[in-house]
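Hello,

Here is the structure I promised you. Please open it first, then read my notes on its salt bridges below.

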Amino acid sequence: MGWSASRGGAAGRLYAFEDSLRLAADLGAVDGLAVARVTVHRFPDRETLVRVPCPVGPAAVLVRSLADPNGKLVETALAADALRRAGARRVTLVAPYLPYMRQDAVFRPGEPVSQRVVGAWLAELFDSVLTVEAHLHRIRRLAEVVSPGSVSISAAPVLAEWVGAGGAAPLVVGPDEESEPWVKAIARRAKTPWVVGRKRRQSDRTVRVEFPPLPGGARAVLVDDIASSGATLAAAARALRRAGVRTVDAAVVHALFAPGALARIRAAGVRRIVSCDTIPHRTNAIRTAPLLADALRGRSK
Ligand code: R5P
């Protein structure tokens, strides 16, 4: 993909790796910004060479969702350098999914705080980072760990829209206490009741979720920022079904879905599972481009 009718604007042109082209095109379409493809050559020794199409203007926006992050982080760093060497004076990273944000403390002696490490690295490379619903449970703002001006955009408005479009007000359910402000924000917008559970994680794939006595209702929508192993949604769905909820649907922001996750969630009785398009996945049903475009536009004013 080369340049199409290009309107760079102060927000800058969009550059995207192959795996994020669709999201970048959707984002570009909102404001008529063209998308240029960043290419990756893999050498026999498995090093990579990244190339950005030239010429590059003074402001560049690199779009890359960073699920399955390790290799992508290196390529993204190389692209930031390439964009600057080709002329960009300001480089913004739009990473609809930002990894390593859950590793935000030393949970056991001997561990790093990966959130800080990855945040500091991105801060060196990018003038700012835009993401959707970063997992920020121990800090309030993304800019505390990445570059100043970096923003995590709430997905609550688009999730609330999806919840509201599904008919008679369902019970909106968060699986853990940490999710309460977010769940409340979704429920307030969708004009529905809400509840959060109490979660205990015993291992990567073993989770227990309990709920207080539930208000009556035939349908619940489980919401969560991330579904990885699927254990959280599955445990929450089982608890809801035990409590007599007839229909459980689930809407998540980041569809990481490790192998077996969807089957685990469905086996727990979830009827429909949808996700935002921050990570390309067959459950994607909720667009985030309008949210990202607003945020990009905001920073060009
Ligand atoms: C944790 O605090 C997050 O909000 C998610 O609930 C969690 O990351 C989901 O992971 P899994 O699908 O592996 O249970």
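Is D26 buried, partly exposed or exposed? At 21% relative accessibility, D26 counts as partly exposed. The classes are: buried under 20% relative accessible area, exposed over 50%, partly exposed in between (1.4 Å probe, protein chains only).

Some ground rules. This is a predicted model, where local features need pLDDT of at least 70, side-chain atom pairs count only at pLDDT 80 or more, and totals for chains, interfaces and linings use all residues. Residues are numbered from 1 along each chain as its sequence is written, and side-chain values use heavy atoms, with hydrogens and water left out.

Side chains of opposite charge can pair when their charged atoms come close. A salt bridge here is a side-chain nitrogen of Lys or Arg within 4 Å of a carboxyl oxygen of Asp or Glu. That rule gives 16 salt bridges.

D26 pairs with R287, N to O, at 2.9 Å. D26 sits in helix α1 (residues 21–31) and R287 in the loop between β15 (284–286) and α8 (289–300), so the pair ties together parts 261 residues apart in sequence. Helices (H or I, at least four residues) and strands (E, at least two) are DSSP runs, numbered from the N terminus. R287 is partly exposed, at 43%.

K184 and E180 form another salt bridge, with their closest N and O atoms 3.5 Å apart. They are four residues apart in helix α5 (residues 180–190), about one helical turn.

D249 and R271 come to 2.7 Å. D249 is in strand β13 (residues 247–255), R271 in strand β14 (residues 270–276). D249 is buried at 1%, whereas R271 is exposed at 54%.

Best wishes
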